[in-house]
Amino acid sequence: MSAGTHPESGLTKSIWSDADFDTMGWHDVTIHGLCVQPGAFDDALPRLLLDIDYIVRWVQPVAPETHFSFWIAPSTLVFDDVWDIEGDLDFKGMAPSLDIDHIRRSAPKDSRGGPQWHIEGHFFELKFRAAGFQQYLRQAPQRSQRLVLTHGERGGPSFAETAFV
């Protein structure tokens, strides 16, 4: 097995970027933590880090099974040079869970540069501008019957920017 690959799940690398955006998907990915990290210098823009369970692959059920299973990897999604952050949460009457429906990228409507990112969830949304992203799969994917890993399976919360080898 090559560094950062996982043939069983179909994973070909453990570090992804905005250059891979069109081949990636975040539907039903759970966010375990969110961090706005100050820039390295006084005039540097902040970074947005998300601790997620990235679904590498959905596995079709084979009879007699009737439900999908999933290859999931604890990951850190990092957006660099972030500005114009706005969002909304609405968990009234329900247990809070930050599950992504999808992430959209669109061209800016002004001359300030950087694409507009829109993370739409099932009861939340987050919009911001950012230069791009890196996503680090911190562990090899694990086969799961659920869409989210347990605290123990994922090794707890983390914003580590290291990929498994």
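Rings of Phe, Tyr and Trp, the last represented by its six-membered ring, are taken to pair if their centres lie within 6.5 Å. On this criterion, ring pairs link Phe21, Trp26, Tyr54, Phe79, Trp117, Phe128 and Phe133 into a cluster. The structure under description is a predicted model, and a search of the whole of it finds ten aromatic pairs.

The mean pLDDT of the protein chain is 93, with 99% of its residues at 70 or more. Among the elements of the chain, strand S4 (residues 69-80) has the highest mean pLDDT, 98, whereas S5 has the lowest, 94. The protein chain contains one helix and ten strands. Along the sequence these elements follow the pattern β-β-β-β-β-β-β-β-β-β-α.

A compact globule with 165 residues would have a radius of gyration near 15 Å, and the 16 Å found for the protein chain agrees with this expectation. Taken along the principal axes, the C-alpha atoms fill a box of roughly 55 × 45 × 30 Å. Buried residues make up 40% of the 165 residues in the chain. The chain exposes about 9,100 Å², of which carbon and sulfur atoms supply 54%. Of the contacts in the chain with a separation of 6 or more, 64% are accounted for by residues 24 or more positions apart.

Strand S8 (residues 124-129) pairs with two other strands, S5 and S7. Strand S5 (residues 83-89) runs antiparallel to S8, the two being joined over five bridges; Glu86 has Lys127 in S8 as its bridge partner. Strand S7 (residues 116-121) likewise pairs with S8 in the antiparallel sense over five bridges, and here Trp117 stands opposite Phe128 in S8. S7 and S8 form a hairpin with two residues between them. Within the turn of this hairpin, Phe123 has a positive phi of about 120°.

At 0% relative accessibility, Trp117 counts as buried. The rings of Trp117 and Phe133 have centres 5.6 Å apart and planes at 75°, and the pair is therefore edge-to-face. Because Trp117 lies in strand S7 and Phe133 in strand S9 (residues 132-137), this pair ties together parts that are 16 residues apart in sequence. Trp117 and Phe133 are both buried.

Among the ten aromatic pairs, Phe21 and Trp117 also form an edge-to-face arrangement, with 5.6 Å from centre to centre and 75° between the planes. Phe21 lies in the loop between S1 and strand S2 (30-37) and Trp117 in strand S7, so the pair ties together parts that are 96 residues apart in sequence. Phe21 counts as buried, with a relative accessibility of 13%.

Phe133 also touches Ser17, a residue of strand S1 (residues 15-17). Leaving aside residues up to four places away in sequence, Ser17 touches Met24, Phe133 and Gln134. Its relative accessibility is 15%, and Ser17 therefore counts as buried, the limit for this class being under 20%.

Several local backbone features were also identified. Asp28, found in the loop between S1 and S2, has a phi near 70°, a positive value in a residue other than glycine. With 16% relative accessibility, Asp28 counts as buried. Asp84 likewise has a positive phi, of about 55°, although it is not a glycine. Asp84 is located in strand S5 and counts as partly exposed at 42% relative accessibility. A cis peptide bond, with omega of about 15°, joins Ala63 and Pro64; Pro64 lies in the loop between strand S3 (47-59) and S4.

Thr150 is partly exposed, with a relative accessible area of 34%. The C-alpha atoms of Thr150 and Asp53 are separated by 9.9 Å, although these residues are 97 residues apart along the chain.

Conventions. Residues numbered from 1 in each chain as written. Predicted model: local features only at pLDDT ≥ 70, side-chain atom pairs only at ≥ 80, totals over all residues. Heavy atoms only, no water. Pairing = 2+ DSSP bridges. Helix = DSSP H or I, 4+ residues; strand = E, 2+ residues; numbered from the N terminus. pLDDT = per-residue confidence, 0-100. Buried < 20%, exposed > 50% of the residue type's maximum accessible area, 1.4 Å probe, protein only. Contact = heavy atoms within 4.5 Å. Rg over C-alpha atoms; globule rule 2.2 N^0.38 Å. Areas by Shrake-Rupley, 256 points an atom, 1.4 Å probe, with all protein chains shown as cover. Phe/Tyr/Trp six-rings, centres within 6.5 Å; stacked < 30°, edge-to-face > 60°.
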